[in-house]
Amino acid sequence: MVRQPKVGAAQSSPTLPTPAQGVRWTTPIVETPGIVVLASWIYRLVRLLVLLPFRFPVMVASTTAVVACWWYLSWPGLAALAGGLSVASLVWWRTWPHSYRYCVSWRLLAWWRHLVVYRRHWQPVLVISGLAESYQERRYLPRIRRVTCNARADYVRVSLVAGTAPSDFEHRVVELAHGFAAPSCRVTVNGPRAITLEFPRHDTLAEPLDALPIPEAPDLSALSVGKREDGTPWKLRLHGTHVLIVGVTGAGKGSVLWSAIRSMLPAIADGTAQVWGIDPKRMELAYGRDLFARYADTGESAVELLEHAVAQMQERAERYAGKQRSHTPTTADPFVVVVLDEVAFLTAYHPDRDVRKRSENAIATLTSQGRSVGFCVLAALQDPRKEVMNLRNLFPDKIALRLDEASQVDMALGEGARERGAEAHLIDPTLPGVAYVRLETSPSPVRVRAAFVSDDDITAMAGRYGTASSATEEGA
Ligand SMILES: Nc1ncnc2c1ncn2[C@@H]1O[C@H](COP(=O)(O)OP(=O)(O)OP(=O)(O)O)[C@@H](O)[C@H]1O
Ligand SMILES: [Mg+2]
């Protein structure tokens, strides 16, 4: 409880100046003269009227046009004009739906969303999320330049305040998404002091995606494996990198593995690519066993397969030394993808210490030296902690499917991924195959969904592209 000093009571502190006894201190009230208030209101009104055509040109032009029509044609004329315009826009909509949507529907929607969602909540959301300083200083508030819409999302173009950077927004994407009631938020840099915030209006990845068509000529550095949140294809690079897929059980690791294998099929068929499979659980890859040039499903056989890959890789590196610095897939020197499901079985859970050590050494050698000679490791893992998989930093590309804990997001995708919006621990369990990835072009993670390759698809793939020449490691 705050104790108020009694009026007239002497203050006992010798250091503080005390008001004279019996004097009541009040804040002086200075009244603004009425003429100043009136002048200030008139100034604001004039400024608003002058700026209105610049801020809302379409609205001002259409209102002026309506008033002018009413002035010249009176009510019946105005009604006839409105009827004519409605019929014309109906004809436009039926005849050229695309251009109508682009010119009318999305613009009207953008105008509405600008007014009702972004303009209305802009200042409070930015202040509370820490992107603007105070409610008073509008000068230091980033400004909305433009809002545009398409069928999927709203795009809010923003001018930054001097002294702030796009990364300030990238670190607040979660707050921004919640602030504007969007499923997510993505930041794109347009230029100096200009960014665009992308707010999807609904989850475009809610519907599962069927297995994608098999390409005629696969691009091993951009294999189509699913869809990105913005509706564009999700392309996965395998040639020249190694990929680690992390996700809890049932998160959909299998769909990423199989979608990648599916888009490589013509290269497997013509011998310029080979897939070597290791499936300790015997549940994931066994279905399409005929597609693998080599296959192993026990600890010992898996180590042999890995060591065989290392030997081939080193033989190739020896041949290339001093002659070529990169690999081009040919039938003589095919691109080799070692697919490893549940890699922790080999590196952490196998009871034989020798198997654990040898597999770790082989994976480390392949991931650190195989990239430029045409060897890639595509591994799946449930638990990304260091105790389970201390080689995860040797995988340049990582995919985070649904995870158990928030702390695992940065382990899977790298420092700062969670801050930039990769909420892999919040992925809905009813959406298997949904993941976050980091693309080369941007540090901001992108939400994607892998296509689902069903057992029937795998059987059909194995039937059409499977080779009788595939070898099984001893002990498998
Ligand atoms: N991309 C996807 N789209 C729709 N459904 C999917 C997708 N991926 C997986 N599923 C569904 O989720 C189930 C589990 O997927 P999957 O076996 O690939 O998970 P996992 O991560 O490999 O799990 P585990 O670690 O237990 O092997 C599948 O049987 C399938 O029904
Ligand atoms: Mg699996």
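# Briefing: ligand shell, pocket and selected residues

Ser74 is found in helix H2, where helices (DSSP runs of H or I with at least four residues) and strands (E runs of at least two) are numbered from the N terminus. The structure is a predicted model, in which local features need pLDDT of at least 70 and side-chain atom pairs count only at pLDDT 80 or more, while totals for chains, interfaces and linings use all residues. Residues are numbered from 1 along each chain as its sequence is written, chains are lettered from A and ligands numbered from 1 in the order in which they are written, and side-chain values use heavy atoms, with hydrogens and water left out.

**Residues with a positive phi**

- Ser74 has a positive phi of about 60°, although this residue is not a glycine.
- Ser74 counts as partly exposed because its relative accessible area is 36%; buried means under 20%, exposed means over 50%, and partly exposed lies in between (1.4 Å probe, protein chains only).
- Glu342, another residue that is not glycine, has a positive phi near 45°.
- The loop between strand S10 (335–340) and helix H9 (344–349) holds Glu342.
- Glu342 has a relative accessibility of 7% and therefore counts as buried.

**The surroundings of ligand 1**

- The shell around ligand 1 has 18 residues, each with a heavy atom within 4 Å of the ligand.
- The closest residues of this shell are Thr249, Gly250, Lys253, Lys281 and Ala450.
- A polar side-chain atom of Thr249 lies 2.5 Å from an oxygen atom of ligand 1.
- A polar backbone atom of Ala251 is 3.3 Å from an oxygen atom of ligand 1.
- A nitrogen atom of ligand 1 has a backbone N or O atom of Pro432 at 3.4 Å.
- Ligand 1 exposes 620 Å² when taken alone, and the protein buries 72% of that area; accessible areas come from the Shrake-Rupley method with a 1.4 Å probe.
- Helix H6 (253–263) and strand S14 (445–450) are the elements that give two or more residues to the shell around ligand 1.
- H6 gives the most to this shell, with three residues.
- By class, the shell holds seven nonpolar, seven polar and four charged residues. Here Ala, Val, Leu, Ile, Met, Phe, Trp, Tyr, Cys and Pro count as nonpolar, Asp, Glu, Lys and Arg as charged, and the others, Gly among them, as polar.

- Helix H6 is mostly covered, since 11 of its 11 residues are buried.
- The buried residues of H6 include Lys253, Trp258 and Arg262.
- The structure holds one cavity of 30 Å³ or more. On a 1 Å grid over the protein atoms alone, a cavity is a set of points where a 1.4 Å probe fits but cannot get out, whereas a pocket is an open set with protein on both sides within 12 Å along at least five of seven lines; lining residues have an atom within 4 Å of a point.
- The largest cavity has a volume of about 40 Å³, a volume being the space filled by probe spheres set on the grid points.
- Leu212, Pro213, Ser224, Ser259, Arg262, Ser263 and Ala451 line the largest cavity.
- H6 contributes the most to the lining of the largest cavity, with three residues.
- The lining of the largest cavity divides into three nonpolar, three polar and one charged residue.

**The largest pocket**

- The volume of the largest pocket is about 2000 Å³.
- This pocket is lined by 49 residues, of which Arg55, Phe56, Pro57, Trp111 and His114 are the closest to its centre.
- At least two residues of the lining come from each of helix H1 (34–55), helix H2 (57–95), helix H3 (97–128) and strand S1 (143–149).
- The lining of the largest pocket consists of 33 nonpolar, six polar and 10 charged residues.

- Asp154 belongs to strand S2 (residues 153–159).
- Asp154 counts as buried because its relative accessibility is 0%.
- The side chain of Asp154 makes a polar contact of 2.7 Å with the side chain of Tyr118. Such a contact is a pair of N or O atoms within 3.5 Å; within protein, one must be able to donate a hydrogen and the other to accept it, and residues adjacent in sequence count only if both atoms are side-chain atoms.
- Gly191 is part of strand S3 (residues 186–191).
- Gly191 counts as partly exposed because its relative accessibility is 24%.
- Gly191 and Ser159 are 32 residues apart along the chain, and their C-alpha atoms are separated by 9.8 Å.
- Thr64 is placed in helix H2, and its side chain reaches the backbone oxygen of Val60 at 2.5 Å.
- Thr64 and Pro334 are 270 residues apart along the chain, with 70 Å between their C-alpha atoms.
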